[in-house]
Amino acid sequence: MTTVDRFAPAAPFGRDHDPYKLGRRGDAGRGGGPAATGHGEGGPASKRVIVGYGFWIFLLSDIVMFACFFAAHAVLQTATAGGPSGRELFDPTRVAIETACLLTSSFTCGLSAVATRVRSLAWTQLALLVTALLGAAFLYFEIVEFVGLVGRGAGPERSAFLSSFFAVVGLHGLHVTAGLLWLWTMMAQVLVKGFRPNILRRLLCFNLFWHALDIIWVALFTIVYLIGEGR
Amino acid sequence: MSDRDDAVQRLDTHDVGPGPQVAEEPVRDAILSCVIGFVLAVLLTVGSFYTLNTKAIWDPAIPVALAVLAVGQIGIHLVFFLHITTAPDNTNNVLALAFGVLIVALILGGSFWIMAHLDANMMPMDQLMRMQR
């Protein structure tokens, strides 16, 4: 018996019987056989993998940019210059509603990906529509909050705390706005062009983008609103 | 999807990109994964907002509890929505994520560290103003 035979996964542990992919660990470092893509003779990985990975890198760089804004805000959270603090300004109920909107839209976005996989045009469009409406609702609450703050004289010019608050929350709001524009565009493209490979890749990237926005919002409502409330 | 893309994707078993997969996972499982992620995220969010107003936690510990809940929820999002797993075919995605986390930790930790020291060592503002006159 050769070493390869002894360490190769036994026959019954095919993909069907191996949900945690343990049987594939053995050959992951050895190139996974000549036919596997990205590992020798198999040629490059499919465009879907490459596009998804590239967009993942972009999202991580976006998160690094957000980290800079978060750091600035966390450092300046107590620099209110005699102006109002977070405890006086923030309304936890509104933040909870915003969070519910964005979290549910992330969920429906995930469902749209499942609908896309089974190539159901109606369900894909419906899930994307709900995602868009929830995203728009989130944006509405955020704009109402900003207008209210500026109206009470707590605009970005009042203190370093409020400058950094408007910078980080506004930056996330701009991302959501861009995401909404992208989402409407994707709905139109799916409607007109159908599930072509390039449209599927764009839907994949949009999915990643929208989930990343929700991840950033989790950090945002924790650092800015909840911990800020306690200051 | 063109025949060529289909053929290539069937061979893509050793590297997967982030996001929903095209593998032959049953649709029911994919929906279930979404629902589980959503339910867990909702529980953690409710936990965060509950932690804010509860008297059950010692006050100075609340920010720590909130941070833990947030990190947990980010993990839920990564696993159930972005499908970043520890499977061997995900090595590239996890390594990119690890690098991102490193940079974020350096930026946040470094800022706190430096700014706290600057703050502690800075001349009191009234003295500074007097010197400028």
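These legends describe close-up views of a predicted model.

**View 1. Confidence in the complex and in chain B.**
The structure shown is a prediction. The predictor gives the complex an ipTM of 0.83 and a pTM of 0.83. The mean pLDDT of chain B is 83. In that chain, 86% of the residues score at least 70. Among the elements of chain B, helix α3 (residues 62–81) has the highest mean pLDDT, 92. Helix α1 (residues 3–11) of chain B has the lowest, 56. Where pLDDT is low, the predicted coordinates should not be read in detail.

**View 2. The helices of chain B.**
Chain B has 5 helices and 0 strands. Along the sequence, the pattern is α-α-α-α-α. The chain has 133 residues, and 26% of them are buried. Now take the contacts in chain B with a separation of 6 or more. Of these, 62% join residues 24 or more positions apart.

**View 3. Helix α6 against helix α7 in chain A.**
Helix α6 of chain A covers residues 121–151, and helix α7 of chain A covers residues 160–193. Their axes come within 10 Å and cross at roughly 160°. An angle over 145 degrees counts as roughly antiparallel, so α6(A) is roughly antiparallel to α7(A). The crossing of α6(A) and α7(A) is left-handed. On α6(A), the contact residues include A:L121, A:L128, A:G135, A:F138 and A:E142. On α7(A), they include A:G173, A:L180, A:W184, A:M187 and A:L191. By class, the contact of α6(A) with α7(A) has 14 nonpolar, 7 polar and 1 charged residues.

**View 4. Helix α3 of chain A against helix α4 of chain B.**
This view pairs one helix from chain A with one from chain B. Angles under 35 degrees count as roughly parallel, so α3(A) and α4(B) are roughly parallel to each other. Their crossing is right-handed. Chain A contributes residues including A:Y53, A:W56, A:I63, A:C68, A:F70 and A:V75 of α3(A). Chain B contributes residues including B:N92, B:N93, B:G100, B:I107, B:S111 and B:M115 of α4(B). By class, the contact of α3(A) with α4(B) has 20 nonpolar and 4 polar residues. It has no charged residues.

Methods: Residues are numbered from 1 along each chain as its sequence is written. Chains are lettered from A and ligands numbered from 1 in the order in which they are written. This is a predicted model: local features need pLDDT of at least 70, side-chain atom pairs count only at pLDDT 80 or more; totals for chains, interfaces and linings use all residues. Axes are lines fitted to C-alpha atoms, for helices over the stretch in contact, and angles run from 0 to 180 degrees between N-to-C directions. Helices (H or I, at least four residues) and strands (E, at least two) are DSSP runs, numbered from the N terminus. Angles under 35 degrees count as roughly parallel, over 145 as roughly antiparallel, 65 to 115 as roughly perpendicular and the rest as oblique. A crossing is left-handed if the near helix is turned anticlockwise from the far one by less than a right angle, and right-handed if clockwise. Two residues are in contact if their C-beta atoms, placed from the backbone, lie within 7 Å. Ala, Val, Leu, Ile, Met, Phe, Trp, Tyr, Cys and Pro count as nonpolar, Asp, Glu, Lys and Arg as charged, and the others, Gly among them, as polar. pLDDT is the predictor's confidence in each residue, from 0 to 100. A residue is buried if 20 or more other C-beta atoms lie within 10 Å of its own, exposed if 12 or fewer, and partly exposed in between; C-beta atoms are placed from the backbone.
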